Every structure is written in C-alpha cells, then in structure tokens.
Amino acid sequence: MVPESYYTALSAILFTIGVVGVLVRRNPLVIFMSIELMLNAANLALVAFGHRAGAADAQVLVFFIMTVAAAEVAVGLAIIVTIFRLQRRLSVDELSIMRW
Amino acid sequence: MSAALVPLAPLLLVAATAGLLIVLDLLPPREGKGHLGVVALAGVVAALAGALTLWGREGRAFGGMLLLDNFAVFLDVVICYAAALVLLLSMDYLRRNGMESGEYYILVLLATLGMMLMAQAADLIVIFLALELMSLSLYVLAGLFRGRLTSAESSMKYFLLGAFATGFFVYGIALIYGATGTTALDRIAAASGGLQRDPLLLIGFGLLLVGFGFKISSVPFHMWVPDVYEGAPTSVTALIATGSKAAGFAALLRVLFSTFKVAQPDWALLLWVVAVLTMTLGNVIAIAQSNLKRMLAYSSIAHVGYMLVGVVAGGALGAGGVLFYLLMYTFTTVGAFGAILLLERGRQEAVELDDYAGLAARHPLLALTLALFLLSLVGMPPTAGFAGKFYVFGAAIRSGYIWLAVIAVLNSAVAAYYYLRVVVYMYMREAEGVPTRPAPSFAGRLALGVALWGVFQLGLMPAPVLDLAQAAVAPLLR
C-alpha cells in the first residue's frame with residue numbers, strides 16, 4: 001500500500017510542471033496541455049484526499065473537473081483554430097497587435 | 001413552483017430563457033435575430049424583478065449547495081442590471097457589425113447565469129462550476145468578431161490566462177479539501193477554526209485567492225485586462241468589466257468574510273498591499289493610453305483597487321461599501337462603454353482619443369452623457385462615483401487604515417487627469433477629418449438613459465441603497 005503522502009507529493013510535482021510549462025512554452029497548444037496537467041494534478045490530489053477521508057464528494061468533484069476540462073478543450077481548440085486561420089502561424093509571441 | 005425552488009427563481013428564469021433561445025434560434029425568421037435579443041432582455045428583466053421580490057428571504061437548495069440570502073439577492077440585482085443594459089446595447093451594435101447571431105444572446109444569458117450562480121453558491125464546487133460557466137461563455141463572446149484578428153487575439157489571451165487561473169483555483173480547492181475534508185463553505189469555516197496554521201489550508205487559500213485575483217483583475221493578475229477589453233466587441237467588454245467583476249467579488253467576499261473569518265488580520269494585510277498596487281498601477285498606466293477602451297480597461301483595474309480598499313476595511317461599512325460601489329460601477333461603466341459603442345467614424349468604431357475631438361459641438365447630448373459617466377468615474381459629486389468612493393474610503397478611515405485612504409484619494413486625483421482629458425477633447429478641440437457620429441439606435445439610447453438614471457439616483461440619494469447594501473452583507477458578517 002502506497003502512503004497517501006506519495007500521491008500528494010506527485011500531484012504537487014505535476015502541478016509545478018504544469019505552471020512552469022505555461023510560463024516557458026510559446027505554443028498555445030503546449031501551454032494548453034500544461035494547463036490540463038495542472039487540472040489533473042488537482043484531480044490526483046482530490047482522489048488521494050477523498051480516499052483518506054473515506055467520502056465520495058471529492059471523487060464527484062473530480063468528475064466535474066474532468067467535464068469542465070473537456071468543455072475547455074472544445075472552446076480552447078476552437079479559438080486556436082480561429083487564430084491559425086487568420087494568421088497561419090501559432091505562437092503566443094505573434095499575438096501582439098495590441099500592446100501598451 | 002415547489003417551495004424548494006423559490007430561492008432559485010432568478011437563476012431558473014435566466015436558465016429557462018437561455019433554453020428557450022436555443023429553440024427560438026432554430027425557428028424562422030432566419031435573417032435578423034433582433035427578436036432573440038428582446039426575449040433575452042425580457043428574461044433578464046424578469047429575473048431582476050424576481051430577485052427583488054426575494055429580498056429578505058433566506059433559503060437553501062440542492063442539499064445546501066446553493067443558497068439565497070440578502071447578499072445573493074443584492075448581487076443578482078447588480079448582475080441582472082449589467083446584463084440587461086449590455087443586451088440593450090448589443091442589439092443594434094451587432095447588426096451594425098454584421099455579426100448578429102442567436103449564439104450571442106444565448107451565451108450572454110449563460111454567462112449571466114454563471115455570474116448569478118457565483119453569488120448564490122454555498123460550496124466551492126458550485127463556485128468552480130459557476131466560474132467556468134461564466135468564463136467559457138465569455139471566452140467565446142470575446143472572440144465573436146472572428147474575422148478580426150484583435151478579437152481572436154483577445155479571446156485567446158483571455159482563454160489561456162483564464163484557464164491558467166482555473167488551474168490555481170482547482171488546486172486550491174483540492175488542498176482545502178485535504179485540510180478540512182469538505183468543500184462546503186460553512187463547514188470549512190467550522191473546521192478551519194482549529195487549524196489556522198495548517199500549511200495545507202493556507203496554501204489552498206492562497207491559491208484560491210490567485211484564482212479570484214485573475215477574475216477580479218487585481219495586480220499582479222491583471223495582464224490580460226487591457227488586451228481583452230480592447231480586442232473584444234465593446235458590448236462584451238462592458239459585460240466582462242461589470243458582470244464578471246461583480247460575480248468575482250460576490251464569491252470573494254463570501255469566501256473571505258464568512259469562510260476565512262479567522263484569518264481576517266492576515267488577508268487584510270495582504271489585500272492592503274494588493275489594493276495599493278492595483279489602483280496605483282491601473283491609474284499610472286491609464287495616463288499613457290490613447291485608445292479609450294484600453295484606458296477604461298486600466299481604469300477598471302484602478303477601480304478594483306478602490307473596491308479592495310473596502311474589503312480591507314471590512315465590517316458592514318466596508319463590505320457594504322463594496323456592494324454599493326459595484327452597483328454604481330456597473331451603471332457608470334456600462335454607460336461609458338455604451339457611449340463609445342454608439343459612436344463610429346467612417347466604418348470604424350470610434351475608440352481613439354482623436355475621434356472625440358469636437359464631439360460636443362456636433363452631438364452635444366451624447367458628449368454630455370459620456371462626460372457625466374466619466375465624471376462619475378472620477379468621483380465628482382453629485383454623481384454616483386462620489387458616493388461610492390466616499391463610503392469605501394470612509395470605511396477605511398473608520399477601521400484605522402488612514403494611509404490606505406490617503407493613497408486611494410491621491411490615486412483618484414491622478415485618475416481625474418485621464419478622464420478629464422477626454423472631456424477636454426470633446427469640448428475644447430476642433431474636429432478634423434471624417435466626422436464621428438453616433439449610430440441611430442433606440443435601444444442603445446434607452447440603455448444610456450437607464451445608466452444615467454442609475455448614476456444620478458445613486459449620486460443624489462445614496463443612503464437608501466447603502467442601507468440595503470449593509471443589510472445585504474449582514475448574513476456574511478454574523
């Protein structure tokens with residue numbers, strides 16, 4: 001039996017990888033994948049905590065988060081496609097017509 | 001309607017209208033979607049009236065996941081006002097830009113539903129779902145003008161940063177669940193009394209604040225605001241600036257004052273710093289802007305700073321002041337964006353400062369209206385802006401935050417420069433080139449009229465509304 005703290009630690013590592021990925025990568029798709037990683041880190045933590053508490057509510061929350069993540073994918077990919085159609089390139093550095 | 005659903009009446013009205021619109025969108029007439037806007041408006045006004053009749057009632061629904069109290073009612077009213085005014089402004093605006101579509105009205109209603117859910121949520125799960133319902137709708141709305149690169153770019157930036165914030169928010173919920181074993185706000189409050197210094201709870205709370213910081217656009221999570229406000233369709237910008245901010249503050253105030261009451265000295269100190277940074281940065285950068293939408297974006301960041309002053313002050317005066325401020329900010333900001341949205345130069349929207357030169361000579365009424373909204377943003381008496389600032393800063397002084405109030409007042413003085421510059425352009429410059437002219441739009445004028453009424457109603461007789469706002473925060477503070 002793996003202790004619960006292992007899962008928490010793993011989720012913290014995944015979350016950190018996700019945050020760093022968002023900050024350093026330039027391709028919107030990869031940034032988006034990193035955000036998904038952050039959400040799934042939260043899912044992992046929730047499952048571990050829910051297992052300890054012996055209650056189902058955390059597991060239910062995980063399903064909600066997965067559903068919302070799917071909805072985000074739908075909207076996010078649509079936006080990325082729109083940008084690509086207009087610009088024929090895909091990098092957040094190119095998204096700079098508006099600046100201060 | 002069964003008694004259990006009464007607390008949800010405003011939500012159900014908006015949801016039912018959204019459902020109805022989805023069906024109506026498929027039916028003829030195919031060309032022209034103006035009638036959908038009218039139906040959407042009727043739904044939002046009905047929800048507004050429904051919310052007003054629920055004042056004073058308390059209730060819970062769905063196993064305590066959703067609740068109704070005076071706080072929720074007050075914010076439902078603010079959000080419905082914002083949505084109704086935005087719908088009025090949208091009708092002709094969309095037609096002029098050739099983007100009239102049924103989806104627009106459906107998405108505005110769904111975003112409104114998410115905002116109202118945030119005000120009525122009693123559980124972190126519901127806050128999360130409501131936040132996402134609102135945000136996903138707004139991401140799409142920001143990119144509505146899909147042929148324009150600015151609109152697509154604003155949508156992309158809003159989406160990436162918003163989803164990033166969601167990641168923080170969800171991880172915060174997970175850690176709070178780990179520390180307390182629950183996601184219900186009142187049970188977290190009960191459980192957190194014993195473990196004030198639990199690192200898991202503190203980090204979770206901090207991550208939650210990051211998520212909220214993005215939604216209310218406080219420094220240092222404000223980077224998306226100027227680009228999104230500038231690129232999004234102006235009617236959508238107005239909704240993002242007012243409704244989504246009100247919803248963010250609704251959930252933030254509930255979490256801070258009722259759930260994390262034990263940590264009040266700690267978060268007050270943190271928010272003190274955030275408030276000062278937010279208003280100073282917003283005002284200083286706004287000075288350098290020549291695009292009006294962008295200027296109002298930075299100004300909206302500054303106003304979030306003022307509202308945070310009220311949050312720091314706390315108590316019925318401070319929190320009640322924030323609610324009053326949100327209502328006055330909704331009327332004023334929708335009005336200001338509405339006036340911009342009605343003006344066009346050539347085939348373009350008039351958003352540059354130069355477009356406003358000499359406007360008062362040719363269109364005195366519209367120029368006067370815009371000037372009044374800008375004066376309300378400055379905080380001139382007898383407009384609502386003065387009353388709002390007076391209450392919020394007064395609450396800070398009463399609670400002993402003298403320096404915070406001083407910095408806030410100095411900031412308001414700086415802000416006067418860039419708001420009044422627009423007024424100077426309108427009244428004291430000569431127009432050049434193609435004239436800027438207002439688009440004929442009855443609905444748009446009606447929206448401006450209602451917003452102007454709000455600005456003066458709250459400015460000349462603020463006391464009754466302030467009393468209501470203070471009664472509204474009472475459930476949070478007990």
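Reader: What area is buried between chain B and chain A, and how much of it do carbon and sulfur atoms give?

Author: About 3,600 Å² is buried between the two chains, chain B and chain A. Carbon and sulfur atoms give 82% of that. Buried area is the accessible area (1.4 Å probe) that two parts lose on being put together, summed over both. B:Met156, B:Tyr171 and B:Tyr177 supply 19% of what chain B buries against chain A, more than any other three residues.

A note on the model: it is predicted, so local features need pLDDT of at least 70 and side-chain atom pairs pLDDT 80 or more, while totals for chains, interfaces and linings use all residues. Residues are numbered from 1 along each chain as its sequence is written, chains are lettered from A in the order in which they are written, and side-chain values use heavy atoms, without hydrogens and water.

Reader: How many residues does each chain bring to the contact?

Author: Chain B brings 42 residues and chain A brings 45. Contact means heavy atoms within 4.5 Å.

Reader: What is the count of salt bridges between chain B and chain A?

Author: The count is zero. A salt bridge needs a side-chain nitrogen of Lys or Arg within 4 Å of a carboxyl oxygen of Asp or Glu.

Reader: What makes B:Thr278 count as buried?

Author: Its relative accessibility is 0%. Buried means under 20% relative accessible area, exposed over 50%, and partly exposed in between (1.4 Å probe, protein chains only). So B:Thr278 counts as buried. B:Thr278 lies in helix H11 (residues 264-287) of chain B. Helices (H or I, at least four residues) are DSSP runs, numbered from the N terminus.

Author: The backbone nitrogen of B:Val219 does. A polar contact is a pair of N or O atoms within 3.5 Å; within protein, one must be able to donate a hydrogen and the other to accept it, and residues adjacent in sequence count only if both atoms are side-chain atoms.

Reader: Why are the buried residues of H7(B) said to line one face of the helix?

Author: The buried residues of helix H7 (residues 185-192) of chain B are B:Leu185, B:Ile188 and B:Ser192. Seen down the axis of H7(B), they fall within an arc of 55°, so they line one face. The arc is that of the directions from the helix axis to the C-beta atoms. The face turned away from the buried side of H7(B) carries the exposed residues B:Arg187 and B:Ala190.

Notes:
Helices (H or I, at least four residues) and strands (E, at least two) are DSSP runs, numbered from the N terminus.
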